[in-house]
Amino acid sequence: IASFDNRENYFLGIFERETGRLLGFYNFAIHLQHQTGTMNLGILPELKIGGPILWPTVEVVLEEFFQHRHVEKIKGMVLSSNRRMLFTLLMNKHFVHELTLKQECQGIDGKRHDLLVFSCFKDESTRPQALNAMPGFIKR
C-alpha cells in the first residue's frame, strides 16, 4: 500500500453508496513521461459480473485522469478466460479493443490464454461510437 503515491500509483476503493460496503477497487499505474496509464479493476468474488461496478464509476474516474492528471490514454488488460470482465469491457462506450496477445499467459489450469488489451483515450473521437464489436474468436 505504501507504493500508492497518488502521482504514479493510485488505489481507489469502490463502495456501495447505501451501506459503505467495499465492492471493489481500481489500481492505476501512470507513466508520467508518456502520459499513459494502466488500469486494473478488482471486484468481490461473489459479484457475478463486473458491469454494475465498472459502468457507474469508470466515467468519473477516467475523466479525473484525463482532465486533472495529464493522462492521454488508459489501457486495461483481461485474460480471454475471464468472461465477466471481458464482457464488461466489450459492452461499454469508453474502451476500444486494441489488440489480442495470443497465448500470452499460462493459467492455473496449465493452459495458455490470450490477453486482450482495451484502451480509452482522452480524445473522445477515438472512443467507440457504439458498443465494441466482439473479437472474432469469442463465441457468442
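Because the model is predicted, local features need pLDDT of at least 70 and side-chain atom pairs count only at pLDDT 80 or more, while totals for chains, interfaces and linings use all residues; side-chain values use heavy atoms, with hydrogens and water left out.

**Confidence**
- The protein chain has an average pLDDT (the predictor's confidence in each residue, from 0 to 100) of 84, and 87% of the residues score at least 70.
- Among the elements of the protein chain (DSSP runs numbered from the N terminus: helices are H or I of at least four residues, strands E of at least two), strand 6 has the highest mean pLDDT, 93.
- The lowest mean, 76, belongs to helix 2, residues 83-90.

- Strand 6 spans residues 112-121, and nine of its 10 residues are buried (under 20% relative accessible area; exposed is over 50%, partly exposed in between, with a 1.4 Å probe and protein chains only), so the strand is largely enclosed by the rest of the structure.
- Strand 4 (residues 73-79) pairs with strand 6 (pairing takes at least two DSSP bridges between two strands) in the antiparallel sense, over seven bridges.
- Strand 5 (residues 96-106) also pairs with strand 6 in the antiparallel sense, over seven bridges; here L101 is opposite L115.
- Five residues separate strand 5 from strand 6 in a hairpin, and G110 in its turn has a positive phi of about 85°.

**Cysteines**
- The whole structure contains zero disulfides (cysteine sulfur atoms within 2.5 Å).
- C105 is partly exposed at a relative accessible area of 25%, whereas C120 is buried at 0%.

**Aromatic pairs**
- Five aromatic pairs are found in the whole structure (Phe, Tyr and Trp rings, the six-membered one for Trp, with centres within 6.5 Å; planes under 30 degrees apart are stacked, over 60 edge-to-face, the rest tilted).
- Y10 and F65 form an edge-to-face pair, because their ring centres are 4.8 Å apart and their planes lie at 85°.
- This pair links distant parts of the chain, 55 residues apart: Y10 is in strand 1 (residues 9-15) and F65 in helix 1 (residues 51-68).
- Both Y10 and F65 are buried.
- F28 and F65 have ring centres 4.3 Å apart and planes at 35°, so their pair is tilted.
- F28 lies in strand 2 (residues 22-31), 37 residues from F65 in helix 1, and F28 is buried too.
- Y10, Y26, F28 and F65 are joined into a cluster by ring pairs.

Key:
Residues numbered from 1 in each chain as written.
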